Amino acid sequence: MARSKEFDEKAVLRKAMELFWEQGYEKTSMQDLVDHMGINRRSMYDTFGDKRSLFLASLNHYEELIVNEMESIISSTSSIKQAIRDVFIFILNSIEQYPKGCLSVNTAIELSLLDKEIGRIVTKMFNRTEDMFNDLIKRGQTSGELSKEIDSDNTSRFLHNNLVGIRVLIKTNYNKKELEGIITLALSVLD
């Protein structure tokens with residue numbers, strides 16, 4: 001008879017995600033994961049497979065978490081400009097509840113050139129954010145809030161690039177006021 005799991009799979013996956021987010025893939029050992037997740041090594045292997053499989057599950061969990069947060073933010077305001085600003089502010093304020101920076105950006109920097117599959121996954125994640133911005137811009141153009149002169153494709157890539165930049169700068173000594181200034185300047189392309 002199979003034993004039931006004595007742990008919440010989502011909760012331990014979140015712990016793994018946070019550890020990879022804080023330390024990176026290479027620096028995180030299997031023992032680090034066992035200790036941080038609070039489960040035994042056998043349970044970890046039986047549930048998630050090897051370290052790479054656990055990392056991929058963590059990356060997927062991260063994307064779900066961030067996408068759900070962004071969708072919630074976007075759906076809570078009727079102003080397109082405010083929704084886009086709120087996404088940036090969410091990223092800026094995320095250091096209060098998550099590790100600094102961004103797991104997808106960290107992964108792009110650490111692993112994209114070394115692991116083609118991970119490179120494709122991260123690019124897909126980035127494209128999804130660009131698509132979100134593109135959709136918002138087009139909705140704003142349709143409603144009249146944004147100029148039809150705005151190139152939605154290039155502007156969505158520009159906004160995403162700035163969002164990635166904010167996620168990197170959060171890990172440095174820039175203060176919140178400086179980052180808010182960068183956000184305001186970046187979003188001026190919507191005026």
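Reader: Let's start with H5. Which residues are buried there?
Author: This is a predicted model, to be clear. In H5, the buried residues are Ile80, Ala83, Ile84, Val87, Phe88, Phe90, Ile91 and Leu92.

Reader: Why do residues three or four places apart point the same way?
Author: An α-helix has 3.6 residues a turn, so residues at that spacing end up pointing the same way.

Reader: OK. What covers the buried residues of H5?
Author: Several helices. The cover includes H4 (51-75), H7 (116-143), H8 (152-169) and H9 (176-187).

Reader: How many residues does H5 have, and how far does it reach?
Author: H5 runs over residues 80-93, so to speak 14 residues. From first C-alpha to last, H5 reaches 20 Å, close to the expected 20 Å.

Reader: And the start of H5? What does serine 79 reach there?
Author: The backbone nitrogen of glutamine 82. A side-chain oxygen of serine 79 comes within 3.1 Å of that nitrogen.

Reader: Which residues line the largest one?
Author: Trp21, Tyr62, Ile66, Phe90, Ile91, Ser94, Tyr98, Gly101, Cys102 and Arg167. H4 and H5 are the elements that give two or more residues to this lining. Phe90 and Ile91 are also on the list of buried residues in H5.

Reader: What's the lining like by class?
Author: Seven nonpolar, two polar and one charged.

Reader: And the second largest cavity? What lines that?
Author: Phe20, Gly24, Tyr25, Phe55, Leu103, Asn106, Thr107 and Glu110. By class, they divide into four nonpolar, three polar and one charged.

Reader: Which helix gives the largest share?
Author: H6, residues 103-111, with four residues.

Reader: Stay on H6. Which of its residues are buried?
Author: Leu103, Ser104, Val105, Asn106, Thr107 and Leu111. They pack against H1 (9-23), H4, H7 and H8.

Reader: Zoom out. How many helices and strands in the chain?
Author: Nine helices and zero strands. The C-alpha atoms fill a box of roughly 65 × 40 × 30 Å along the principal axes.

Reader: What percentage of the chain is buried?
Author: Buried residues make up 47% of the 191 residues.

Reader: Last one. Of the contacts between residues at least 6 apart in sequence, how many join residues at least 24 apart?
Author: In this chain, 68% of them.

Conventions. Residues are numbered from 1 along each chain as its sequence is written. This is a predicted model: local features need pLDDT of at least 70, side-chain atom pairs count only at pLDDT 80 or more; totals for chains, interfaces and linings use all residues. Side-chain values use heavy atoms; hydrogens and water are left out. The expected span of a helix is 1.5 Å times one less than its number of residues. Buried means under 20% relative accessible area, exposed over 50%, partly exposed in between (1.4 Å probe, protein chains only). Contact means heavy atoms within 4.5 Å. A polar contact is a pair of N or O atoms within 3.5 Å; within protein, one must be able to donate a hydrogen and the other to accept it, and residues adjacent in sequence count only if both atoms are side-chain atoms. On a 1 Å grid over the protein atoms alone, a cavity is a set of points where a 1.4 Å probe fits but cannot get out, and a pocket is an open set with protein on both sides within 12 Å along at least five of seven lines; lining residues have an atom within 4 Å of a point. Ala, Val, Leu, Ile, Met, Phe, Trp, Tyr, Cys and Pro count as nonpolar, Asp, Glu, Lys and Arg as charged, and the others, Gly among them, as polar.
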